[in-house]
Amino acid sequence: MSIRPERVRILTPERPEPQGSGPVVCWVNRDRRLRDNWALLYAQEIAIARRVPLHVVFCLVPEFLGATLRQYDFMLRGLEEFERDCTSHNIAFTMLLGDPREQVPAYCAATTPSLLVTDFEPLRIKTQWVDAVCAATSVAVHQVDAHNVIPAWHCSPKLEFAAYTIRPKIKRLLPTFLDEFPAVERHPFPPAAMPQPTDWMHVRSTLRVDTSVAPITWLTPGEQQGRALLDAFTAHIERYQDRNDPTKPGQSNLSPYFHFGQLAPQRAALEVNRLARTGAEDCPVESYLEELIVRRELSDNFTFYNPNYDSFEGFAAWAQSSLNEHRDDPRQYVYTFEQWQQAVTHDELWNAAQRELLSTGKLHGYMRMYWAKKILEWSASPEEALAIGITLNDTHALDGRDPNGYVGVAWSIGGVHDRAWFERPVYGKIRYMNANGCAKKFDVKAYIRRYAESTLF
Ligand code: FO1
């Protein structure tokens with residue numbers, strides 16, 4: 001088998017092996033691309049060994065954790081390309097509509113697969129879906145981590161404290177797991193008949209989402225574009241040295257492609273690592289790999305092992321008790337959700353950050369910290385601040401509701417993966433940040449001008 005066994009978990013130990021002569025079905029939950037997809041490669045390898053067809057299913061829910069048209073549009077346009085890619089590779093692609101806890105078992109009842117393969121996703125709702133599907137079918141279910149370079153369960157068996165505790169584990173395992181992907185094959189055992197092509201207009205008509213948050217146009221979704229953007233980024237990796245300056249084009253902008261499974265983080269790691277070997281001095285490879293692998297996989301670790309990843313109770317004990325001690329500190333300002341959302345605080349820097357989020361679906365990595373910390377400073381309670389930060393991010397960011405998003409907000413507001421700092425009002429021992437800090441890093445006025453009020457539609 002060309003896929004390392006550690007990438008795979010048998011979710012149904014009482015029915016470990018594929019059974020019968022039915023197709024192998026790959027239910028894609030998180031990773032929706034034809035290439036560089038360990039779950040699909042695993043499913044195909046077994047299907048070829050058993051000489052059976054390979055099916056891919058994706059289950060679209062009409063609403064998902066507050067997602068708006070902006071995110072659904074990015075996801076669906078990527079799925080259109082994925083369907084075409086599957087079809088041209090003799091893989092039957094079917095779009096299921098509705099609750100996966102019903103739709104996936106119904107699909108299995110109709111197609112009697114010999115094996116159901118699914119990918120790994122640490123979010124609570126996805127774990128519940130997968131558990132319910134295992135319970136409602138009699139087929140063997142195998143799960144493959146197609147997202148992390150080092151499978152989350154193999155990297156660490158427990159909740160990690162911080163980057164410094166997971167980093168050595170990752171560094172030790174990286175040479176083994178940062179391997180090149182085999183190519184997906186044109187499947188040699190096509191199904192007797194290909195499914196009808198998806199009616200994308202109909203699919204869109206089933207959504208029950210807020211359409212006032214418009215799709216973005218500055219990025220084109222899909223596997224091909226994700227790869228093209230990665231190539232453009234690696235061609236100018238030296239620009240990443242400016243990553244903390246939101247007025248400069250230093251960031252990769254790949255996060256939406258990772259979030260919607262259109263590009264494998266491991267592909268980005270392989271390509272960037274290739275540059276490291278060229279040895280160019282101004283090549284910030286290590287810092288990119290730190291963000292891409294260590295920080296990203298730490299976020300998966302947090303959401304996988306901490307059931308309270310999106311609430312105050314998920315913060316470390318020191319952070320909870322310190323925030324509790326400062327619960328009644330007077331706040332200089334207290335804004336409502338609408339005021340935050342509409343970017344009408346007294347702070348022009350904060351408003352500019354919020355307008356960046358509203359108009360582009362992205363918030364610069366450095367500004368994201370400032371943005372969330374000020375929400376803590378000017379909200380009635382840490383719980384409210386956390387809820388506001390998560391909701392604004394999930395409503396407007398293309399990569400909202402991602403482990404990275406939850407951890408980003410929890411780091412700023414609850415000190416998750418950080419350490420205790422000097423005590424101060426409202427923040428307690430949570431690390432403080434202010435506009436002077438920003439001014440030391442970049443031209444604050446230029447940033448405010450860029451996201452002036454006029455940038456909003
Ligand atoms: N995952 C699904 O399996 N089905 C969906 O219909 C679905 C919708 C969706 C909308 C917006 C969004 O940001 C994510 C969505 N996801 C959906 C999940 C998503 O692609 C990721 O797997 C998770 O958000 C975690 O990274």
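Q: How many salt bridges link domain 2 and domain 3, and what makes a pair count as one?
A: A salt bridge needs a side-chain nitrogen of Lys or Arg within 4 Å of a carboxyl oxygen of Asp or Glu. Between domain 2 and domain 3 the count is zero. This is a predicted model, in which local features need pLDDT of at least 70, side-chain atom pairs count only at pLDDT 80 or more, and totals for chains, interfaces and linings use all residues. Residues are numbered from 1 along each chain as its sequence is written, and side-chain values use heavy atoms, with hydrogens and water left out.

Q: What makes a residue pair a polar contact, and how many such pairs cross the interface of domain 2 and domain 3?
A: The rule asks for N or O atoms within 3.5 Å; within protein, one must be able to donate a hydrogen and the other to accept it, and residues adjacent in sequence count only if both atoms are side-chain atoms. Nine residue pairs across this interface pass, both residues at pLDDT 80 or more.

Q: How do you know which residues of domain 2 and domain 3 are in contact?
A: Contact means heavy atoms within 4.5 Å. By that rule, 21 residues of domain 2 are in contact with 23 residues of domain 3.

Q: What is the area buried between domain 2 and domain 3?
A: Buried area is the accessible area (1.4 Å probe) that two parts lose on being put together, summed over both. Here that is about 1900 Å², with 58% from carbon and sulfur atoms. In domain 2, Pro246, His259 and Phe302 lose the most area to domain 3, together 32% of what that side buries.
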